[in-house]
Amino acid sequence: MGLGGAGYPERVAPSNPLLSDLDSLPFDRVEAVHVRPALDVLLDDARRRIDSIAAPGAPKTFDRTMAALDTATENLDMAVAIVRHLEAVATTAELRDAWNEAQPAVIQFYSSIPLNGQLWRAIKDFASTGEADALTGVRRRFLDKTIEGFRRHGADLSSKDKQALESIDVELANVTTRFAQNVLDATTAWEYVVPDPARLAGLPESAVAAARDSAASKGIEGWRFTLQQPSYVAVMTYLDDAATREVFYRVYNARAAEVNAALIPQILDLRRRKARLLGYADFSDFATADRMAASGEAAACFVDELRCRTEAAFQCENEALIEFRRSREPDATIEPWDVAYWAEKMRTALYEFDEEDLRPYFSLDNVVAGLFDLCSRIFGIRVTPAPGAAVWDEAVRHYQIHDASGALLAHFYADWFPRETKRGGAWMDSFVTGGPAADGFRPHAGFVCGNLTPPLPDRPSLLTHSEVETIFHEFGHLLHHCLSQVEIRSFAGTNVAWDFVELPSQIMENWCWERISLDLFARHYQTGQLIPDELFHKMIRARTFRAANAQMRQLGFATLDLALHRDSAGECSIIEAANRILAPFCPVPLPEGYAMVCAFTHLFADPVGYGAGYYSYKWAEVLDADAFTRFLNEGVFNSGTGMAFRNAILEKGNSQEPADLFRLFMGRDPNPSALLARLGLN
């Protein structure tokens, strides 16, 4: 790309890494003062590129119109990706303010592209040429999808409505950014210090050691717990003291409630107005129009069908849990903060299995090395450390991916541990989307982030099995990006239908359950021994324990999401509406003050995000469970099957319809029975 200052003011380029050194991804040198000046320059550059394409006298060829449109915002995209990334993983008050100040102009520009009348005319003029008529493959699809996308995003609106749409998009970006920042602030602001070790009864030694180390890092006596996932999950699953569990539960599920309860109706209203302005009945229809589901109603029917096939098992599981609880204490009840605790007790009793028994076998370094080995065996790639790259935190690691031929396919960063300056959850995103180049294919660049159990002074990072699944999941997304071989940048990698994007990530989780693949990395961090057969078989027997509850939880979130975006949530407060919708999917009644929706970042931390798209997790789970049956039949290390998946799914991006890509790999349409069988619900 080589921005290097070409065409940029001398007073800006040499000193601003977002202009002078984007190719090196200068995470260690970007400061808040760089953000607005750089984005202003890059916005002007992108506008000039768009204007050049749209100029009445400009040649109407694929290269000068469509290919130029595909790359017109590339420099801006990369700078925005870097700034947004840093604000998510290494935020400061100054960086947050700088991004909040710069974001409206950025959003307004992106929103304006399909509303640019001259550009729209140029695209239609090219579409009427003989060259356009002769297009095939991904180029034909790019033209057709661009025309469809421009219309879907308002190209045919009146000038007045275009202005209204731009205003909505800017406000949506502002409000959703505030939502995300409020959740981060509420999460990092809270801590719970236990001075008396007697109050730690029930916690595994790993959680106690982590809490002691956390307290020491703050100069505090005792044991410090937070709302970050490794700390919170340990308390809710193992701590004997129900009163303390209640404190954690209530605080966690009321994060940012006071401020975000007012923002959610604004977000929903803005999305509703946008959808109707664009001719859709509601936001769910707008969001799903270019996805496999195709409509909000179809997505809702899919979710409802799975709910119907899960409810009976869900009720049986919950009755069994209360019976187990009462076998220990007659007439006892189960409160929401008791569910995870007593479920773990019940699992231990039924299967003599405690997930903590697995933790010593899952050191982070071994898991990552085993994952890379697995991908080498089945996908024909080689992943190697590449130290020396600029990073945003000393714990971040940098790697390269080479093909079997030795060609560099991509490089990426891995940031696995929680920090107070980093948002919660786990995710993957991209910095550079490669494409055809004179010497082959320009490498991609991306990253994976998590909030996993950190190392302690006397031991490495030791993970739970679910954290191992998280690593495999996010790396599946990364492979989708890094192995892409699509010549159209905007159709490459993870730029696919939202309800297809989770297939490459979720299918990777399956290898976390196969003995042959676990043996690549699951070794005791002290002895080097493999997981004992007895422990492995206990893990497998316990796999479907309360599977109906896990499924109903996801279906509840999907139902809530679709209800809010299909205007069927009712007229009560957003918290009341959300809790009423979620109630049938919860194992016990929700308590007063429950406000999980106010921290539901999947739905409300982005202008679109998973809004009207949370169903995608289950939709793609149907695809992944079915697709993995081919590996089970042909061998989970079968390189031929792996390369078929790479060629049909990982390399293809959005170059074909997702249903066609699935058929290309499986030879047929998906069968939902595979998912139900995997969950023990068929």
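User: Which residues have the most contacts inside the largest nonpolar core?
Analyst: Happy to start there, keeping in mind that this is a predicted model. The largest nonpolar core has 156 residues. Helix α23 (residues 547-565) gives the largest share of this core, 10 residues. The residues with the most contacts inside the core are Phe225, Phe362, Phe472, Met508, Trp511 and Phe604.

User: Which residues is methionine 508 in contact with, leaving aside its neighbours within four places in sequence?
Analyst: Good one to look up in the viewer. Met508 is among the residues with the most contacts inside the largest core. Leaving aside neighbours within four places in sequence, methionine 508 is in contact with Leu371, Leu374, Cys375, Phe379, Phe472, Gly476 and Leu479.

User: How do the residues lining the second largest pocket divide into nonpolar, polar and charged?
Analyst: This pocket holds about 370 Å³ of space. Of its 20 lining residues, Asp365, Ala395, Val396, Arg397 and Tyr399 are the closest to its centre. The lining divides into 15 nonpolar, 3 polar and 2 charged.

User: Where do the partners of the salt bridge between aspartate 185 and arginine 96 lie, and how many residues apart are they?
Analyst: Their side chains meet at 2.8 Å, N to O. Aspartate 185 is partly exposed at 35% relative accessibility, whereas arginine 96 is buried at 14%. The pair links distant parts of the chain, with aspartate 185 in helix α9 (residues 159-189) and arginine 96 in helix α5 (residues 93-112), and the two are 89 residues apart.

User: Are lysine 618 and glutamate 621 buried or exposed?
Analyst: These two side chains meet in a salt bridge of 2.8 Å, N to O. Both residues lie in helix α26 (residues 616-634), 3 residues apart, about one turn of the helix. Because lysine 618 has 6% relative accessibility and glutamate 621 has 15%, both count as buried.

Conventions:
Residues are numbered from 1 along each chain as its sequence is written. This is a predicted model: local features need pLDDT of at least 70, side-chain atom pairs count only at pLDDT 80 or more; totals for chains, interfaces and linings use all residues. Side-chain values use heavy atoms; hydrogens and water are left out. A nonpolar core is a set of buried Ala, Val, Leu, Ile, Met, Phe, Trp, Tyr and Cys residues joined through side-chain atoms within 4.5 Å. Buried means under 20% relative accessible area, exposed over 50%, partly exposed in between (1.4 Å probe, protein chains only). Helices (H or I, at least four residues) and strands (E, at least two) are DSSP runs, numbered from the N terminus. Contact means heavy atoms within 4.5 Å. On a 1 Å grid over the protein atoms alone, a cavity is a set of points where a 1.4 Å probe fits but cannot get out, and a pocket is an open set with protein on both sides within 12 Å along at least five of seven lines; lining residues have an atom within 4 Å of a point. Grid points are joined across faces, edges and corners, and a volume is the space filled by probe spheres set on the points. Ala, Val, Leu, Ile, Met, Phe, Trp, Tyr, Cys and Pro count as nonpolar, Asp, Glu, Lys and Arg as charged, and the others, Gly among them, as polar. A salt bridge is a side-chain nitrogen of Lys or Arg within 4 Å of a carboxyl oxygen of Asp or Glu.
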